[in-house]
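Here is a report on one protein model.

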Amino acid sequence: MSILTERQAVEAALDAARWAPSVHNTQPWSFAVKGDEIALRADVDRQLRVEDVPGRELLISCGAALYTMRTALRCAGFEPVVRVLPDPDRPSLVATVRPGAPAEPDELTLLMGGEIERRRTHRAAFTDLTVPDRLLDALALGAMGEGARLAVVGEPTAVEVIAALTRAAQGVQAQDRRFTLEVIRWARPPAAGRSDGVPAGAYPRTAPRTDPFFPQRDYAWRHDWGTEPDRSATSAGVVAVLTTARDGRGDWIAAGQALQRVLLHASAHDVSAAFHTQALEMHHLREFLRHELLSGEFPQMIMRLGITFEEKESVRRPLSDLLG
């Protein structure tokens with residue numbers, strides 16, 4: 001028996017989609033509703049023109065929004081009916097989704113639905129508390145269900161290689177004025193009043209070094225912005241790479257759906273994620289990682305998973321700004 005009406009389920013899905021993760025919290029999506037069908041569109045005006053020239057991160061973000069809508073519809077008591085990239089003549093149309101047959105949500109779906117607004121991106125080190133192997137196995141199984149693979153990197157040498165690639169990319173990008181200006185554009189000062197971008201309460205003023213060292217984006221950039229992080233937390237956490245077998249637009253959307261499935265499931269167990277896309281934005285470094293560590297699979301996201309007790313701020317645009 002459905003918990004909500006179809007119309008209520010559509011409204012719940014739209015509201016939930018606002019909380020999906022996106023690169024620099026750009027929220028690069030818009031929605032149109034016709035009857036009980038939602039059209040999810042990529043907002044190319046919010047694409048990162050320097051950092052994300054191919055639009056890969058744009059579509060990963062939209063894929064995360066799509067999975068969020070699917071989860072909300074399931075929590076509302078409907079099996080979602082989804083078409084991905086349904087119209088070749090409309091490349092910005094990422095997917096359509098509507099409530100299908102009534103279906104009772106299972107316990108995990110309800111747990112993940114409860115994390116949609118609670119989940120936060122972490123941008124510093126983690127505590128030394130261990131992420132259970134059993135949970136990591138479950139996260140990998142969930143990613144596989146969305147057509148991607150979550151490769152947990154356990155070998156210390158491999159972890160150091162990924163950290164070194166991240167440091168190299170961050171070092172180069174920090175010297176590139178175009179990259180710096182693009183990051184600054186989406187970094188919000190305190191009391192900015194904006195409903196997008198990364199607010200000052202969501203990043204550290206100066207992050208403690210993890211071991212091995214994974215540098216963060218410099219959102220504060222010469223300002224005394226950001227929060228004071230937990231200096232006792234220095235762990236890098238568990239390093240994992242989300243990959244796909246191919247590297248087309250549909251694969252990027254699948255990676256985004258897998259990413260959000262992993263994040264919501266992890267959040268339900270009080271595990272947070274920190275993202276590192278720097279090396280994936282540089283073709284030669286991404287190809288090195290692909291061939292040398294990932295058996296030819298395409299890396300879509302580098303992340304660290306761990307436990308933190310820090311509360312992070314988050315902002316989202318109102319639904320009225322997203323409908324059109």
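## The sheet β5-β6-β8-β7

Four strands make an open sheet in the order β5-β6-β8-β7, with antiparallel pairing. β5 (149-152) and β7 are the edge strands; each has a single partner strand, so one side of each lacks a neighbour in the sheet. From one strand to the next the twist averages 30 degrees. Strands here are DSSP runs (E, at least two residues), helices are runs of H or I of at least four residues, and both are numbered from the N terminus. Two strands count as paired if DSSP finds at least two bridges between them.

This is a predicted model, in which local features need pLDDT of at least 70 and side-chain atom pairs count only at pLDDT 80 or more, while totals for chains, interfaces and linings use all residues. Residues are numbered from 1 along each chain as its sequence is written, and side-chain values use heavy atoms, with hydrogens and water left out.

## Pairs within this sheet

β5 joins strand β6 (residues 238-244) in the antiparallel sense over 4 bridges. Valine 152 faces alanine 240 in β6. β7 (residues 272-276) is mostly covered, with 5 of its 5 residues buried. Buried means under 20% relative accessible area, exposed over 50%, and partly exposed in between (1.4 Å probe, protein chains only).

In a regular strand the side chains alternate between the two faces of the sheet. In β7, Ser272, Ala274 and His276 point one way, Ala273 and Phe275 the other, and all are buried. β7 pairs with strand β8 (residues 298-306) through 5 bridges, again antiparallel. Serine 272 is set opposite glycine 306 in β8.

## The sheet β1-β2-β4-β3

Another open sheet of 4 antiparallel strands has the order β1-β2-β4-β3. Its edges are β1 (29-34) and β3 (78-84), each with a single partner strand, so one side of each is without a neighbour in the sheet. Neighbouring strands are turned by 25 degrees against each other on average, direction ignored. Axes are lines fitted to C-alpha atoms, for helices over the stretch in contact, and angles run from 0 to 180 degrees between N-to-C directions.

β3 and β4 (residues 93-102) run antiparallel and are joined by 6 bridges. Valine 84 stands across from alanine 95 in β4. Helix α2 (residues 56-75) packs on this sheet and touches β1, β2 (37-42), β3 and β4. The direction of α2 makes about 155 degrees with that of β3.

## Nonpolar cores

What makes up the largest nonpolar core? It has 58 residues, and those with the most contacts inside it are Phe31, Met69, Leu242 and Met303. α2 gives the most to this core, with 11 residues. A second, separate core has 16 residues, including Val153, Val159, Ala163 and Ile302. A nonpolar core is a set of buried Ala, Val, Leu, Ile, Met, Phe, Trp, Tyr and Cys residues joined through side-chain atoms within 4.5 Å.

Leaving aside neighbours within four places in sequence, methionine 303 is in contact (heavy atoms within 4.5 Å) with Leu150, Val238, Val239, Ala240, Leu242, Leu259, Ala274 and Phe275.

Helix α7 (residues 249-267) has 19 residues; at 1.5 Å a residue it should span 27 Å, and its end C-alpha atoms are 27 Å apart, which agrees. The expected span is 1.5 Å times one less than the number of residues. α7 is mostly covered, with 16 of its 19 residues buried.

Glycine 256 lies in α7. Its relative accessible area is 0%, so glycine 256 is buried. Beyond neighbours within four places in sequence, glycine 256 is in contact with Ile60, Gly63 and Ala64. Glycine 256 and arginine 56 are 200 residues apart in sequence, yet 9.8 Å apart in space, C-alpha to C-alpha.

Which residues of helix α6 (residues 177-185) are buried? They are Phe179, Thr180, Glu182 and Val183. Seen down the axis of α6, these fall within an arc of 165 degrees, so they line one face of the helix. The arc is that of the directions from the helix axis to the C-beta atoms. The face turned away carries the exposed residues Arg177 and Arg178. α5 (156-174) is among what covers the buried residues of α6.

Threonine 109 sits in helix α3 (residues 107-113). At 11% relative accessibility, threonine 109 counts as buried. Glycine 142, in helix α4 (residues 133-145), is buried at 7%.
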